Amino acid sequence: MAHSPPRSGRPPIQHLQTVVDLLETPSLARIYAHVLQDGPVTVADIVDELDIPQGTAYDYVQKLEVAGLVGKTCDQRPYEYDGESLSLTLSTDGETQTITPALIAAVARRDKNEDIDVYIERHGLDGLAVALEYAEEYVDGTVTHRIAARELDLSPLEAEIILQALEPVATEYADAAV
């Protein structure tokens, strides 16, 4: 089952499909994370700052706008867009996971950070979401890489690598932690 706060009357399945696309498409996730963190921005800003082809940037911004995850902040061209925070909690067979902007930002770094990519390949997106929770505690100083290693059933080296890879995301989204 999925639960999401209603967003501008968008059908929940359409909203869910876009969130799934964010998790599967790092460049789409990069655009969403950039607009959310740095908005309002124009598509030209996105193209310049993220080095994403212009056509792809326009297509992805439109997709995010249709899903209600970004919105125009002005009525004149060039349009500027700002992001809307999301929180989607999924529960299946007693397991619950929340998809947050921080998780989307972590996925967005998959193409640029090999450590995150390898971790997702080994442990899946659920594993990344749990590692991100430990990274937030790591940033707060309440968890060490050895504690995370024990709790995540990883070697201390692998725990240290993923915590360091996720540290910038945990730091950026520390104030927005759910």
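This is a predicted model: local features need pLDDT of at least 70, side-chain atom pairs count only at pLDDT 80 or more; totals for chains, interfaces and linings use all residues.

Trainee: Is Ser27 buried or exposed, and what is its relative accessible area?
Mentor: Residues are numbered from 1 along each chain as its sequence is written, and side-chain values use heavy atoms, with hydrogens and water left out. A residue is called buried under 20% relative accessible area, exposed over 50% and partly exposed in between, using a 1.4 Å probe and protein chains only. Ser27 therefore counts as buried, since its relative accessible area is 18%.

Trainee: Which residues does Ser27 touch, not counting residues up to four places away in sequence?
Mentor: Contact here means heavy atoms within 4.5 Å. Ser27 sits in helix α2, where helices (H or I, at least four residues) and strands (E, at least two) are DSSP runs numbered from the N terminus. With residues up to four places away set aside, the ones that Ser27 touches are Ile52, Tyr60 and Asp111.

Trainee: How many residues of α2 are buried?
Mentor: Helix α2 covers residues 26-38, and its reach of 17 Å from first C-alpha to last is close to the expected 18 Å, a span worked out as 1.5 Å times one less than the number of residues. The buried residues of α2 pack against α1, α3, α4, β2, β3 and α5. The helix is mostly covered, and of its 13 residues the number buried is eleven.

Trainee: At roughly what angle do the axes of α2 and α5 cross?
Mentor: Axes are lines fitted to C-alpha atoms, for helices over the stretch in contact, and their angles run from 0 to 180 degrees between N-to-C directions. The contact between this pair involves Pro26, Ala29, Arg30, Tyr32, Ala33 and Leu36 of α2, and Pro101, Ile104, Ala105, Val107 and Ala108 of α5. The two axes come within 8 Å of each other, and they cross at roughly 130°.

Trainee: Why is that angle described as it is, and what is the word for α2 relative to α5?
Mentor: Angles under 35 degrees count as roughly parallel, over 145 as roughly antiparallel, 65 to 115 as roughly perpendicular, and the rest as oblique. The crossing of α2 and α5 comes at roughly 130°. Because of that angle, α2 is, relative to α5, oblique.

Trainee: How far apart are the axes of α6 and α7?
Mentor: Helix α6 (residues 114-140) and helix α7 (residues 145-152) pack at an angle of about 140°, and that makes α6 oblique to α7. Their contact is made by Tyr119, Val130, Ala131, Tyr134 and Tyr138 on the α6 side, and by His145, Ala148, Glu151 and Leu152 on the α7 side. The distance between the two axes is 11 Å.

Trainee: Which residue in β5 is the bridge partner of Leu88?
Mentor: Two strands pair if DSSP finds at least two bridges between them. Strands β4 (residues 88-92) and β5 (residues 95-99) run antiparallel and are joined by five bridges. Within this arrangement, the bridge partner of Leu88 is Ile99.

Trainee: What is the phi of Asp93 near, and where does that residue lie?
Mentor: Most residues other than glycine have a negative phi, and most peptide bonds are trans. Asp93 is exposed, with a relative accessible area of 82%. Asp93 lies in the loop between β4 and β5, and its phi, a positive value, is near 50°.

Trainee: Which residue is joined to Pro40 by a cis peptide bond?
Mentor: Pro40 is placed in the loop between α2 and α3. The cis bond has an omega of about 0°, and the residue it joins to Pro40 is Gly39.
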